[in-house]
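Subject: Structure for you to look at

Dear colleague,

Here is the structure I said I would pass on. Please open it alongside these notes.

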Amino acid sequence: MSELGTTLTQYIIEQGRAQNNSRGAFTALLNDVATACKRLSNLVRLGELAGVLGAAGQENVQGEEQKKLDIIANEVFIESMERSGLLAAIASEEMDEHYPIPGRYPRGDYLLAFDPLDGSSNIDVNGATGTIFSITRHTDSSAPTDADFLQAGNKQVCAGYCLYSSASMLVITTGHGVAGFTLDNSVGEFILTHPDIKVPKETSEYAINSSYSRHWLAPEKRYVEECNAGVDGPRERNFNMRWAGAMVGDIHRILCRGGIFMYPMDAKLEAAGKEGKLRLLYEANPMGMLIEQAGGLAHTGTQRILDIEPTSLHQRVPVIMGSADEVERVVRYHEEASAKQ
Ligand code: P6P
């Protein structure tokens, strides 16, 4: 295992050596990700001083109001990643279709899907935000299409996020566990501070937006009511609730001390014909890989997230992920509810 204080580059090289595969291309690719995250960390940290707060006066493909920083973050990431010759194309929450690598740059074998600034509504109130990314392979020699991004989450070769909060932290997995790096602004390096992150199987904390409780389906209603009853109900302990308003903030807390994060299917989403709120390719899949690699579970309530065969670039799915015991309990409640129908 790499030692505390190792830089991200040293860590990737050491991991490659340990897994007996040359990581040259991968090292360069993750270094580009790190460079983009450093740039974004600076912009987020300066906030209004950089003149990057507030609405951009337009909507993204999701129909969501874009913040200035949503657009800037998307541009910073693309500019940092497109020249490496390692990517074949980029897909982003902020772009309707994939972004092909311009002909003036060589085309590589990896696909990057990312959410440039998750939780951007927190920006104007100095709350936690982050960038979430997912990397898959593109082995076909032809120019990629949107369809090439439609790979199940179990095909990801790397997943991670950069959390912009009291510290900026890059948390990644390449399929061999989860490691966390803290940005040392004095040297401009991500330094290994969390070498082997594990999600505790048990927890006394759950995360869900309780303002939607009137729309919840029976399994989630039952689960949350039992948590709220604490030791006065069937649970063996009392529970706390936390909701960061940014998946990256909630998932980081869960990776650090356990918990369960839920953005489940509910009656309002069903009535609107939606499959969920959160996006599969660049939110649920990368976070699901991190959670599973750290020993947790990532589920929709009816299936494992990483087994879903995507059908569209901005596909949405229900999300229930975190401490294994709690996710298993919610899934069991879904199974019991289905058996009654
Ligand atoms: P709500 C941020 O917009 C996001 O996509 C996730 O990061 C976050 O967990 C969720 O939506 C917050 O949704 O409905 O509570 O505003």
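The notes below go through the strands, the helices and a few single residues.

This is a predicted model, in which local features need pLDDT of at least 70 and side-chain atom pairs count only at pLDDT 80 or more, while totals for chains, interfaces and linings use all residues. Residues are numbered from 1 along each chain as its sequence is written, and side-chain values use heavy atoms, with hydrogens and water left out.

Helices (H or I, at least four residues) and strands (E, at least two) are DSSP runs, numbered from the N terminus. Buried means under 20% relative accessible area and exposed over 50%, with partly exposed in between (1.4 Å probe, protein chains only). Two strands are said to pair if DSSP finds at least two bridges between them.

Strand S3 (residues 87–92) runs parallel to S5, and 5 bridges join the two. Among the bridge partners are Ala91 with Ala113 in S5 and Ser92 with Phe114 in S5. S5 is also joined to strand S6 (residues 129–137), this time antiparallel and by 7 bridges; Asp115 stands opposite Ile132 in S6.

S3 is mostly covered as well, with 6 of its 6 residues buried. S3 pairs with strand S4 (residues 99–100) in the antiparallel sense over 2 bridges, and Ile90 stands opposite Tyr99 in S4. The hairpin that joins S3 to S4 goes through 6 residues.

In the loop between S5 and S6 sits Asn126. Its phi is near 60°, a positive value in a residue other than glycine. Most residues other than glycine have a negative phi. Asn126 counts as exposed because its relative accessibility is 71%.

The five-stranded sheet

An open sheet is formed by 5 strands in the order S12-S11-S13-S17-S15, with mixed pairing. Strand S12 (240–241) and strand S15 (297–299) stand at the edges with a single partner strand each, so one side of each has no neighbour in the sheet. Within this sheet, strand S13 (residues 260–263) pairs with strand S17 (residues 319–322) in the antiparallel sense over 4 bridges. Tyr263 stands opposite Val319 in S17. Helix H7 (residues 280–293) lies across S15 and S17 and runs at about 25° to S17. Here and below, axes are lines fitted to C-alpha atoms, for helices over the stretch in contact, and angles run from 0 to 180 degrees between N-to-C directions. Contact means heavy atoms within 4.5 Å.

Helices H2 and H3

Helix H2 (residues 24–46) packs with helix H3 (residues 68–81) at an angle of about 150°, and their axes are 9 Å apart. H2 and H3 are therefore roughly antiparallel to each other. Angles under 35 degrees count as roughly parallel, over 145 as roughly antiparallel, 65 to 115 as roughly perpendicular and the rest as oblique.

On the H2 side the contact includes Leu29, Val33, Ala36 and Leu40, and on the H3 side it includes Leu69, Ile72, Val76 and Phe77. The residues of the contact of H2 with H3 divide into 13 nonpolar, 1 polar and 3 charged. In that count Ala, Val, Leu, Ile, Met, Phe, Trp, Tyr, Cys and Pro are nonpolar, Asp, Glu, Lys and Arg are charged, and the others, Gly among them, are polar.

Helix H5 and Asp250

Helix H5 (residues 247–257) is mostly covered, with 9 of its 11 residues buried. Its buried residues include Met247, Asp250, His252 and Arg253. Gly258 follows H5 and has a positive phi, near 90°.

Asp250 belongs to H5 and counts as buried because its relative accessible area is 0%. Leaving aside neighbours within four places in sequence, Asp250 is in contact with Ala207, Arg242, Trp243, Ala244, Gly245 and Phe261.

Lys340

Lys340 lies in helix H8 (residues 324–340). Lys340 counts as exposed because its relative accessibility is 73%. Lys340 and Glu226 are 114 residues apart in sequence and 20 Å apart in space, C-alpha to C-alpha.

Regards
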